[in-house]
Amino acid sequence: MKTSKKYLGAKANGLYAMQKLGFRVPDFVVFAQDEIEDLSNESLQQKMQNLSGNYFAVRSSANEEDGVSHSFAGIFSTKLFIKKADLLNALQIVYESKNLPKVLLYCTQNSIDHQQLRMNVIVQQMIAADVSGVAFGVHPLKPYKKEKLITAVYGLGEGLVSGELNADEFIVNDKGDIRKNIQTKTKVLKYKNESLGYEKVAADLQEIASLSNQQIEEITTALTNLEQYFGAPQDIEFCYKNDNLFLLQSRPITALDKEHIIWDNSNIIESYPGVTLPFKF
């Protein structure tokens, strides 16, 4: 189905693009806003019939979301580990989240016309990840350096996104050299007994890197290829299951600051007392 980017939202179109590029993306379908407004359980299940798996993630893909200027990160609802029988309710919750007070506030603060907000919804196969993370095509805090930043935790990525878990950091320069900042990882977020919960990490895994060098190189290559395709450094979400890399999202790094102030303490007045002409200064 060929649909414009504005209609499906950047998140959904990012998934289609990654599929096109040959990356491993969990199976998904996209419900456009017009479909959702008249969606029945029968039509939902019919559209879902080719999607494998027992559990699914239900995620927003609004037309103003995941752009260069505005990400809406954490603003809309997301539902994880949803069974097929419960999808219609979960899909409606995500769809209706476009009217949450925090969404209205975000739109007001960022001069976005809320009336023009179109909410499409992604239903995607849920991956019970061994390791999850977020990676950036350039270091968001140091965009003037030729470095990529990868962060990762054991288990599901919600523990990283929520800030509940300390993440390992891997910084890769343009020569492929890797600097590692390994955290003590005492907890892991897993889905067990029909609920999400934290479990203790085995003692022998707490102090070692959550990603191998080979996995870091694989993610770095993905970042490079996605930047070439989209024409800008990307912010991606990924996970590993049984050593297989899955890409879950690719979007431009929001509001990347390319201007920098350098504070200097070189005591100019002591070195050049008196009148100093601009050229000599």
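At what angle do the axes of helix α2 and helix α8 cross? In this predicted model, the axes of α2 (residues 10-20) and α8 (residues 213-230) cross at roughly 115 degrees and come within 11 Å.

## Basis of the model

Because the model is predicted, local features need pLDDT of at least 70 and side-chain atom pairs count only at pLDDT 80 or more, while totals for chains, interfaces and linings use all residues. Residues are numbered from 1 along each chain as its sequence is written, and side-chain values use heavy atoms, with hydrogens and water left out.

## Helices α2 and α8

Gly 14, Ala 17, Met 18 and Lys 20 of α2 make the contact (heavy atoms within 4.5 Å) with Leu 226, Tyr 229 and Phe 230 of α8. By class, this contact has five nonpolar residues, one polar and one charged, with Ala, Val, Leu, Ile, Met, Phe, Trp, Tyr, Cys and Pro counted as nonpolar, Asp, Glu, Lys and Arg as charged, and the others, Gly among them, as polar.

Helix α2 is mostly covered, with eight of its eleven residues buried, that is, under 20% relative accessible area with a 1.4 Å probe and protein chains only. Among the buried residues of α2 are Lys 11 and Asn 13, as well as Gly 14, Ala 17 and Met 18. Just after α2, Gly 22 takes a positive phi of about 95 degrees.

## The six-stranded sheet

Helices (H or I, at least four residues) and strands (E, at least two) are DSSP runs, numbered from the N terminus. Six strands, in the order β8-β7-β6-β5-β11-β12, form an open sheet with antiparallel pairing, two strands being paired if DSSP finds at least two bridges between them. Strands β8 (178-181) and β12 (244-252) stand at the edges with a single partner strand each, so one side of each is left without a neighbour in the sheet. From one strand to the next, the twist averages 20 degrees.

Strand β11 (residues 234-241) is joined to β12 by eight bridges, the two running antiparallel, and Lys 241 stands opposite Asn 244 in β12. Helix α8 lies across β5, β6, β7, β8, β11 and β12, and runs at about 145 degrees to β11.

## The β9-β10 hairpin

Strands β9 (residues 187-192) and β10 (residues 195-200) pair in the antiparallel sense over six bridges, and Leu 189 has Tyr 198 in β10 as its bridge partner. The two strands form a hairpin with two residues between them, and Asn 193 in the turn has a positive phi of about 55 degrees.

Key:
Axes are lines fitted to C-alpha atoms, for helices over the stretch in contact, and angles run from 0 to 180 degrees between N-to-C directions. Buried means under 20% relative accessible area, exposed over 50%, partly exposed in between (1.4 Å probe, protein chains only).
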